[in-house]
Amino acid sequence: MSAIYGNGLSTFPDYPAEIRAPHGTVSGVSGFQVHIGSTKVNTPGDFCDLLVAMNPAALKANAKWCKPTAMILVDDDAFNEAGMKKAGFKTENPFEELKVEDRTIIVAPITTLTQESLKDSGMDNKAILKCKNMFTLGMACYIYSRPLEYIYTYLENKFAKKHPEVIEPNKKVLNDGYNYAANIQAIANTYTCEPVKAQKPGLYRNITGNQAVAWGLLAASEKSGLPLFCGSYPITPATGILEELAIHKSLGCKTLQAEDEIAGICTAIGASFAGDLAVTTTSGPGLSLKSEALGLAVMTELPLVVVDVQRGGPSTGLPTKTEQSDLDQALYGRNGECPLVVMAAHSPANCFDAAFNAAKIALEHMTPVILLSEGFLGNGSEPWRIPSMADYPAIKPPFVTGVLAEGERFEPFKRDPETFVRRWAIPGQKGFEHRVGGLEKNHSGVLSSDPANHELMVRERAEKVARVARDIPALEVDGPASGNLLVVGWGGTYGHIKSAVDEIGGVSYAHFDYINPLPANTGEVFAAFKKILVCELNSGQFADYLRARFPEFEFIKCNKVQGQPFLVNELTEAIKKEM
Amino acid sequence: MANLTFKDFKSDQEVRWCPGCGDHAVLAALQRALPKVSLALDYDKERYVVVSGIGCSSRLPYYMDTYGFHGIHGRATAISTGIKVANPWLTIWQACGDGDALAIGGNHFIHAIRRNIDINIILFNNQIYGLTKGQYSPTSKLGAITKTSPYGTVEHPFNPGSLVLGAKGTFFARSLDVELKLNEEIMTAAALHDGCSVMEMLTNCVIFNDGAHKALTDPAVKADHTIVLRDGEKMIFGKDRNKGLVFDGKKIRVVTIGEEGGFTEDDVLVHNSHSDNIGLHMALADMKGPDYPVALGVIRDVKDITYDDGVRDQVKEVMAKSKIHCVDDLLRSGSTWEVK
């Protein structure tokens, strides 16, 4: 609603790994963060102006995020003895116990009022209770002066086909919530949040990172003329990509829900050999299982996009939480000398371009590409100005052309002298029969254990990946191009770091979308600064990677490994300390 | 028009299997079967893709002058699946071993069968790990003495036929490496079968497991220890062609025709690989010595929906119905708003 109204918007769900985590307990609390603004919003926000706590556990879990000026809205009906006990409160006043008693506290009997509102709706009690959130949304709309019409339209569109009977009750309860908030006179201040003025004209929509990855891949399929094939195994938080692609068969996309992660990547490699734009999607533990097959894709020099929506690790780790700790795995997690392209998306909407570019590089450079996303991006959403496909470049894979001369054999690993890219012949093409596989071969595609040939092929495969740098954009610095301190980030920390440097002002900031290879001007950019502060949600993997490549510069680490995004104030403190 | 000979399928690579290895004969049968298949189905050579995993038999793609993919250990079936789904027009032949397909690749193997994807799997079963030089495999007999079981294995082997039919496989055949003619027949039937075809080839590893199938190949006893099943033919076997398989109301029995229990030739079962009766096919696939002959030939060959057709048809169906025909349509679908 706020997006349609024209506000800046960023959202982020935070939920436990259990599907039905024990209700009413602190560990079972699910939350949804919404950040709206009259200017562009970069992050879902750190501290809140309004906390809606539907039960005591939710209050306990999130009270610490309330600003000193915040308003807290709770459902009085849930703050009974049992609820208080489950949440582990020791006294009768949860607000005092949490030291938030000085905030504006609105205690409303939301459950009772919802039941009252819908008693004549014909819905059963279970269905009525599901409408509590609409009553509460109505209250929030009053507090933030939101017009209800956008929600009415949303409800009409959402339920028109499957459940038209719930449209009117939902409208009613929303409206009753709004009026209740207006009537109780407990809410002294209401707020207005004007639409963003400088928004670029155009058609907008809201999009999550996982959805944007799926759509970016479909865009690359269209621009390359190759059907999209996605072989994947369900894994949190990446499953949304497979689910999204499964919907869009109308664009010729084939999805295969594989029997395991290894089959996911191996079916994709097979599909790539057969000439599709092949993709597999996963999260950290799944990427571990795909390691051997990734080596096969490197060796056979077939295009392949691997999307890793990172979560907290190692092992099963924190499946529903966000982290950037798969970078080392993406760069190095294979046997042998096995370089491939590694890139990262930096916001939910940017996932579209990142996926498109990952596919373009894979197809044009005949290499696997790992695109790193994060739970924070995959599940997070933001408004997106819808692009036109006419503005995206064509994708041109190095297909073999023409016919071979009599007696001539196709040499699958003969390379373009400029790019080191091999040519691609697809099964079904007459005369180009050839074999690929995991064993080392020479340029002609014949098995070879010749020592010199192996070293040559190792070098050539690495050089091919290194030369991708010629096709990627230069690293840009936001702020002064030289100085004492350069703040560096990669991936999904973009919004938080950008907010932090904007808040401080005058800080230089460079964000990496491409990690292997790095943008060609990286060293040049670094050379203009005395020290470089690398901010990332791991123990310093990117900082170590940069240090290995540029030992002449001073890198300082700023890390967080809590399964949660940075807070903007954590970053401003870290940056100020180094300024 | 496909007018190919076995030479068209021979690559210029030197075949590096050990002299006397059973794999040579299977390769020869395949190179002889494919020209016939090509003629019958009007397939050109570029339509063939030969896929393999890792192991001795998995070198096979290098010896075939077709498109080929030498994969990684156990994963041939997954690679084949991807190729077939990407382009159902291609015809896939897969070579894999007992360790490759049934141990490390067991999961992909059963799921390809469950999905009934139209690929042809030749399972080279020599009951040993050959390329790693002689460790027991999932088909090694209980008690087998190998390098990793110096005191004998303490685990039961898989019977690949039971595994395939247990996963509701639509095509299963078994043969011996040396049966060139039968193997050509089986491979042709597999090629004509629309769905996942598994051909178990009992191969001899001359180095690490020589004579593993001797009870089935030794001319002196072969006729009594094996039965070749052919559609429409009675299940009669034996040196004197006087033994038959009958169903006694509870199970299959071996009888000497005209002697035991008054069973005559009329009582002997007639093979029908196309029958729905998976129970009978399983019983035939399960047969082993000393009480039963080992069944060779096409044991089961039935029609069912295939995965590759399903994927292709669903895409077509949704394409015809959907209002979204290009990415621009997609991007503008659902809730959007205009900023002026």
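1. Two residues are in contact if their C-beta atoms, placed from the backbone, lie within 7 Å. On that basis A:Val487 touches A:Ile497, A:Val501, A:Val507, A:Ser508, A:Tyr509, A:Leu533, A:Cys535 and A:Ile575, leaving out residues up to four places away in sequence.

2. A word on the source. This is a predicted model: local features need pLDDT of at least 70, side-chain atom pairs count only at pLDDT 80 or more, and totals for chains, interfaces and linings use all residues. Residues are numbered from 1 along each chain as its sequence is written, while chains are lettered from A and ligands numbered from 1 in the order in which they are written.

3. The largest nonpolar core has 201 residues. Such a core is a set of buried Ala, Val, Leu, Ile, Met, Phe, Trp, Tyr and Cys residues joined through C-beta atoms within 7 Å. Buried means that 20 or more other C-beta atoms lie within 10 Å of the residue's own; exposed means 12 or fewer, and partly exposed is in between, with C-beta atoms placed from the backbone. A:Ile269, A:Val305, A:Leu371 and A:Val487 have the most contacts inside the core. Helix 16 (residues 350-365) of chain A supplies the largest share, ten residues. Another core, of 32 residues, lies apart from it and includes A:Ala61 and A:Tyr178.

4. Strand 16 of chain A is largely enclosed by the rest of the structure, because six of its eight residues are buried. Helices (H or I, at least four residues) and strands (E, at least two) are DSSP runs, numbered from the N terminus. Strand 16 of chain A pairs in the parallel sense with strand 19 of chain A over five bridges; strands pair if DSSP finds at least two bridges between them. Here A:Gly483 stands opposite A:Phe529.

5. Strand 16 of chain A also pairs with strand 17 (residues 508-512) of chain A, parallel, over five bridges. A:Val488 has A:Ala510 as its bridge partner. The chain runs from strand 16 through helix 19 (residues 494-504) to strand 17 of chain A in a right-handed β-α-β crossover. Right-handed means that, with the strands pointing away from the viewer, the path from the first strand over the helix to the second runs clockwise.

6. In helix 21 (residues 541-549) of chain A, A:Gln541, A:Phe542, A:Ala543, A:Tyr545 and A:Leu546 are buried. Their cover includes helix 15 (327-332), strand 16 (483-490), strand 19 (529-536) and strand 20 (554-559) of chain A.
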